[in-house]
Amino acid sequence: MSALCEILLDAYARGDIHPYARMITTAQRDALTAPHSSDGNDAAGTTAVPLVA
């Protein structure tokens, strides 16, 4: 656990991470994770959800 804390504190000090979260509705989440026919990916449910930095 102390190694994780050290990594997180170091990343925060460098400005690589920020202490906030963005809340979205389930409809917004579903829109982000829905497969798009134009992306060339035929497998359902494999679209990654981008993390907000």
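This report covers the helices, salt bridges and surface of a predicted model.

Residues are numbered from 1 along each chain as its sequence is written, and side-chain values use heavy atoms, with hydrogens and water left out. Because the model is predicted, local features need pLDDT of at least 70 and side-chain atom pairs count only at pLDDT 80 or more, while totals for chains, interfaces and linings use all residues.

**Overall make-up**

The protein has two helices and zero strands; both kinds of element are DSSP runs numbered from the N terminus, helices being H or I with at least four residues and strands E with at least two. Of the 53 residues in the protein, 2% are buried. Buried here means under 20% relative accessible area, exposed means over 50%, and partly exposed lies in between (1.4 Å probe, protein chains only). The accessible surface of the protein is about 4800 Å², and carbon and sulfur atoms account for 62% of that area. Accessible areas come from the Shrake-Rupley method with a 1.4 Å probe; for residues, only the protein chains shown count as cover.

**Helix 1**

Helix 1 covers residues 2-14, and its end C-alpha atoms are 18 Å apart. This agrees with the 18 Å that its 13 residues should span at 1.5 Å a residue, the expected span being 1.5 Å times one less than the number of residues. Just after helix 1, Gly-15 has a positive phi of about 85°.

**Salt bridges**

Side chains of opposite charge can pair when their charged atoms come close. A salt bridge is counted when a side-chain nitrogen of Lys or Arg is within 4 Å of a carboxyl oxygen of Asp or Glu. The count by this rule is three.

| Salt bridge | N to O distance |
|---|---|
| Asp-10 and Arg-14 | 2.2 Å |
| Arg-14 and Asp-16 | 2.8 Å |
| Arg-29 and Asp-30 | 2.8 Å |

Arg-29 is partly exposed at 42% relative accessible area, and Asp-30 is partly exposed at 39%. Salt bridges with shared partners join Asp-10, Arg-14 and Asp-16 into one network. Within it, Asp-10 and Arg-14 both lie in helix 1, four residues apart, or about one turn of the helix. Asp-10 is partly exposed, with 42% relative accessibility, and Asp-16 is partly exposed, with 45%.

**Nonpolar patch**

A nonpolar patch on the surface is formed by Met-1, Leu-4, Leu-8, Tyr-12 and Ile-17, with about 550 Å² of accessible area together. Patch residues have over 30% relative accessible area and no salt bridge; like charges are joined within 9 Å and nonpolar side chains (Val, Leu, Ile, Met, Phe, Trp, Tyr) within 5 Å. Leu-8 is in helix 1 and is partly exposed, at 43% relative accessible area.
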